[in-house]
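Trainee: Before I use the terms for this model, I would like to go through what each one rests on.
Mentor: Then ask, and we will set each value against its definition.

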Amino acid sequence: MLIRSTWTLTVSNPTVLPRSYHLELVKLLHNKLDLEVGEEKIPSISFSTICGSYTTSQDFFTFQTEEFYQFSLCGLQEKVAKAISSLKLGDSLEFLGAKFNVINREDNINSYEELYTNLVANEPAAIRRFDLQFTTPTAFAQGGITLPLPIPTLMFRSWLERWNNFAPVYLGEDELITYLSNAVLLKHHKIQTRSWQLQRGYVNGFVGDVTLQIFNRADSLLANVANLLVQYAQFTGTGIKTRLGMGQTLVNL
């Protein structure tokens, strides 16, 4: 079972929160889900933090009354997905003295088997262009440093690692990444770097729009596997610290 649950929020008064607020919100949501934070090497949950239009001033964000905000929780494994499905927030979300009104919830529920069957096993017409939007800072662990760049090989390696860890259908590892690295190019991007606060210090990541292109000469089956992993990214996120709000990924149709 896979789930992406998205809540829409508003505030009744201008609301100020520290830049590190997502760390407290992660703890609150994990407590409500009866889950431990950071106990897994490969996270079975991803979190988007609160996205929308807000103003920044030094180390604080101000959320405005006329705006709509959203945050998402995604479960990549049966237990976590069921916990998110059953999560009840009521009419409001309160933490750090702030109160957000909960006005809507949408659930996107799927399964690994259904994704694989529809996107690969049924041999659909190959999709060779993917327009991605990275809504929270995204980075990759690379040789002891963090790399805030949309490198296709690192994106697919991130998605494939999670797929192979949680899905009943194994897709392969280094050989598949080698094939994909020779078949996918970064066609376009419009990104900027943004810092993200962790428990200790900050890390830089990129946000913005990225277009990936599959070469026409690439096998259709390979293109379909690439599409499977791209669609999966909407649940798993991309890169490091996805349980803390980094790497949230949308696919524009």
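**Terms and values**

Mentor: Val 210 in E13 is the bridge partner of His 189. The model is predicted, so local features need pLDDT of at least 70 and side-chain atom pairs count only at pLDDT 80 or more, whereas totals for chains, interfaces and linings use all residues. Residues are numbered from 1 along each chain as its sequence is written, and side-chain values use heavy atoms, with hydrogens and water left out.

Trainee: What makes E12 and E13 a pair?
Mentor: Strands (E, at least two residues) and helices (H or I, at least four) are DSSP runs, numbered from the N terminus. Two strands pair if DSSP finds at least two bridges between them. E12 and E13 (residues 202-214) have 13 bridges and run in the antiparallel sense, so they meet the definition. Arg 194, for instance, stands opposite Gly 205 in E13. The two strands form a hairpin with four residues between them, and Gly 201 in the turn has a positive phi of about 80°.

Trainee: Why are E12 and E14 called edges?
Mentor: The open sheet has four strands in the order E12-E13-E9-E14, with antiparallel pairing. E12 (184-197) and E14 (249-252) each have a single partner strand, so one side of each is left without a neighbour in the sheet. The twist averages 15° from one strand to the next.

Trainee: Why are H4 and H6 called roughly perpendicular?
Mentor: Axes are lines fitted to C-alpha atoms, for helices over the stretch in contact, and angles run from 0 to 180 degrees between N-to-C directions. Angles under 35 degrees count as roughly parallel, over 145 as roughly antiparallel, 65 to 115 as roughly perpendicular and the rest as oblique. The axes of H4 (residues 152-166) and H6 (residues 220-236) come within 9 Å and cross at roughly 80°, and H4 and H6 are therefore roughly perpendicular. Contact means heavy atoms within 4.5 Å; among the residues that make it are Trp 159 and Trp 163 of H4 and Leu 229 and Tyr 232 of H6.

Trainee: What lines the largest pocket?
Mentor: There are 17 lining residues, of which Ala 141, Glu 161, Arg 162, Gly 239 and Ile 240 lie nearest the centre. A pocket is an open set of points on a 1 Å grid over the protein atoms alone, where a 1.4 Å probe fits, with protein on both sides within 12 Å along at least five of seven lines; lining residues have an atom within 4 Å of a point. E10 (140-142) and H4 are the elements that give two or more residues, and H4 gives the most, with five.
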